[in-house]
Amino acid sequence: MTTLSNAGYPPGTVITGKWRKSRYIVERTLGKGANGRVYLVHRAGVRQRYALKVGYDALDLQSEINVLSALKEQMHNAYLVEADDHQDSSGDVPFYVMRYIEGDPLHRFIGRRGKEWLGLVGLNLLEKLSLLHASGYVFGDLKPDNVMVSPYGKVELIDYGGVSSIGRSVKQFTEWYDRGYWNAGSRTGDISYDLFSFAVMCIQVLDEKALREASRQLPQTRSMTDLVMLVRRNPAFKPYAAWLNKALAGEFADSREALNQWRGSIRGPSAGRARSRQQDTPRWLRNAFALSLFILACTIFFLFR
Ligand SMILES: Nc1ncnc2c1ncn2[C@@H]1O[C@H](COP(=O)(O)OP(=O)(O)OP(=O)(O)O)[C@@H](O)[C@H]1O
């Protein structure tokens with residue numbers, strides 16, 4: 001196996017699996033990151049679309065494939081479709097095919113739809129994380145770019161390159177979301193590591209400016225207390241404050257507890273809207289409606305008795 005050296009595949013490129021012989025046709029590039037390029041593809045002769053990742057480094061991609069294969073067995077998770085090698089001008093290039101997730105990354109979704117969606121989206125994300133934790137893994141590199149949200153708030157994690165077994169060192173992380181960056185704990189992959197990252201993501205979504213300012217200090221003076229203080233300062237955090245403080249301090253016993261507490265402390269946007277619709281209706285109008293129902297009932301009673 002060699003590493004991918006080309007500049008990317010243009011639309012129409014056919015990627016043929018060396019061993020399994022599946023043929024995928026590139027529609028467009030979906031994105032590129034530190035580990036590889038991801039293409040939107042469809043299988044030759046079939047409409048079904050997939051995301052296909054070609055790695056820059058064969059070993060890194062293989063470890064991602066190993067995790068996805070293990071998850072597929074343990075979680076009956078159909079995210080990984082297949083893995084194979086493909087031959088291009090640079091030699092054999094490894095790739096894997098996964099479910100295509102349509103949606104927006106978390107920060108773009110919240111930016112478009114409103115911060116009140118954080119409750120529901122956070123709940124769905126915590127459900128995904130607790131399934132992963134129950135299978136013995138931590139996600140590691142949890143950040144808004146790796147959380148895709150569909151138009152109805154359904155959540156999918158992408159980029160499993162940072163996943164590691166519970167108890168092992170975190171393989172891949174991104175500064176803001178990393179517990180070590182805030183001098184708030186080790187980089188050992190435990191469930192609290194993911195919950196810490198989750199809390200920082202929430203802080204970013206609700207007050208990115210304050211998070212940026214807090215991160216500007218000297219590395220040795222940065223601390224979890226800075227995050228706790230900024231949660232305390234901004235009233236937007238009120239519904240989530242108790243949860244965030246507990247996650248930042250690593251005090252959740254497990255992700256089920258975190259999930260249940262989140263569920264208890266939030267109200268989804270639809271519930272919020274329904275409630276505000278009810279509150280928007282003036283009391284006189286509700287009373288008038290009740291009175292007219294009463295008069296109608298009396299009329300029917302006297303007419304038909
Ligand atoms: N299953 C998928 N469905 C839709 N889009 C995807 C999928 N997987 C990846 N992408 C897109 O491709 C981009 C790069 O993918 P990915 O994050 O896996 O690459 P990476 O090299 O590991 O990135 P990073 O540098 O963040 O670690 C993502 O940001 C996303 O936009």
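Asp 159 is placed in the loop that runs between strand 10 (155-157) and strand 11 (164-165). The model described here is a predicted one. Although Asp 159 is not a glycine, its phi is positive, at about 65°. Most residues other than glycine have a negative phi. Asp 159 has 24 C-beta neighbours inside 10 Å and therefore counts as buried, the threshold being 20 or more. Asp 159 also belongs to the surroundings of the ligand, where it is listed among the closest residues together with Gly 31, Gly 33, Ala 34 and Asn 35.

The shell around the ligand comprises 18 residues. By class, these residues divide into eight nonpolar, five polar and five charged. Several strands contribute to this shell: strand 2 (23-32), strand 3 (36-43), strand 4 (49-55) and strand 6 (91-99) each supply at least two residues. Strand 2 provides the largest share, which amounts to three residues. At the level of domains, at least three residues of the shell are drawn from domain 1 (14-99), and at least three from domain 2 (104-265).

A positive phi is also found at Lys 21, a residue other than glycine, where the value is near 70°. Lys 21 is situated in the loop between strand 1 (14-16) and strand 2. With 8 other C-beta atoms within 10 Å, Lys 21 is exposed, whereas Asp 159 counts as buried.

Lys 18 likewise lies in the loop between strand 1 and strand 2. Lys 18 is exposed, because 12 other C-beta atoms lie within 10 Å and the exposed class extends to counts of 12 or fewer. When residues up to four places away in sequence are not counted, Lys 18 touches Asp 84, Asp 85, His 86, Gln 87 and Asp 92. Between Lys 18 and Tyr 177, the separation is 159 residues in sequence and 38 Å in space, taken from C-alpha to C-alpha.

Helix 5 (residues 224-233) and helix 6 (residues 241-248) form a further pair of elements in contact: their axes come within 10 Å and cross at roughly 180°. Angles over 145 degrees count as roughly antiparallel, and helix 5 and helix 6 are therefore roughly antiparallel to each other. From helix 5, the contact involves Met 224, Leu 227, Val 228 and Val 231, and from helix 6, Ala 241, Leu 244, Asn 245 and Leu 248. The residues of this contact comprise seven nonpolar and one polar, with no charged residues.

Ala 184 is located in the loop between strand 11 and helix 4 (191-215). This residue is buried, with 21 other C-beta atoms within 10 Å. The C-alpha atoms of Ala 184 and Ala 134 are separated by 24 Å, the two residues being 50 positions apart along the chain.

For the protein as a whole, the secondary structure consists of nine helices and eleven strands. Of its 305 residues, 32% count as buried. Among the contacts with a separation of 6 or more, 60% are accounted for by residues 24 or more positions apart.

Key
Residues numbered from 1 in each chain as written. Predicted model: local features only at pLDDT ≥ 70, side-chain atom pairs only at ≥ 80, totals over all residues. Near = placed C-beta within 6 Å. Helix = DSSP H or I, 4+ residues; strand = E, 2+ residues; numbered from the N terminus. Nonpolar A, V, L, I, M, F, W, Y, C, P; charged D, E, K, R; others polar. Domains from an automatic or database assignment. Axes fitted to C-alpha atoms, helices over the stretch in contact; angles between N-to-C directions. Parallel < 35°, antiparallel > 145°, perpendicular 65-115°, else oblique. Contact = placed C-beta atoms within 7 Å.
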